[in-house]
Amino acid sequence: MALQGPIPVTFDMVFPHGCYVVGEVEPVKDFDASTNGRFVQARDKQTRELVWQVAVMDADPTLKPAQKTVAVKILSAVQPIPPAPVAGVPFTPVEFDGVSVTPYVNSNSNRLAYSIRVREMRPVRTGKTGGKEAAA
């Protein structure tokens, strides 16, 4: 099979209504390498880059509350910095580049789930609203 590893997708495929940062960017723990009292940050298996994680809220109005918040893993040599907050908005809108998904079976629910991995976090492009290009 030609598909092996993460599947490349676009930001708009994963978050067609956009998304918002709702947590801090944190290092992901390598549970195999870490020991009691010694934290080792995870590295991506393919690129060997450090793995960071940020919680985002999906702006899709049809999602149930429990489905709205997801963790996005960011591959970066240094800790990514979220975009600056927007005045009058309780959460910071964000977009990602270099998006890929890895399907897996969630052991808690026995349902198909996806791990979202990205290469870059950035502010929403001007001229975009809700994850879709604004009408001209």
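Guide: Arg119 is partly exposed, with a relative accessible area of 41%; on this scale buried means under 20%, exposed over 50%, and partly exposed in between (1.4 Å probe, protein chains only). The model is predicted, so local features need pLDDT of at least 70 and side-chain atom pairs count only at pLDDT 80 or more, while totals for chains, interfaces and linings use all residues. Residues are numbered from 1 along each chain as its sequence is written, and side-chain values use heavy atoms, with hydrogens and water left out.

A salt bridge here is a side-chain nitrogen of Lys or Arg within 4 Å of a carboxyl oxygen of Asp or Glu. The structure holds 5 of them. In one, Arg119 pairs with Glu49, their closest N and O atoms being 2.5 Å apart. Glu49 lies in the loop between strand 3 (26-27) and strand 4 (51-58), and Arg119 in the loop between strand 8 (111-118) and strand 9 (120-122), so the pair ties together parts 70 residues apart in sequence. Strands are DSSP runs (E, at least two residues), numbered from the N terminus. Glu49 is partly exposed, at 22% relative accessibility.

Arg122 forms a salt bridge with Glu95, at 2.7 Å between the closest N and O atoms. Arg122 is in strand 9 and Glu95 in strand 6 (residues 92-97), 27 residues apart. Both count as buried: Arg122 at 12% and Glu95 at 2%.

Arg122 also meets Asp97 in a salt bridge (2.7 Å, N to O). Asp97 lies in strand 6, so this pair ties together parts 25 residues apart in sequence. Asp97 is partly exposed, at 25%. Through shared partners, salt bridges join Glu95, Asp97, Arg122 and Arg125 into one network.

Technical notes: Helices (H or I, at least four residues) and strands (E, at least two) are DSSP runs, numbered from the N terminus.
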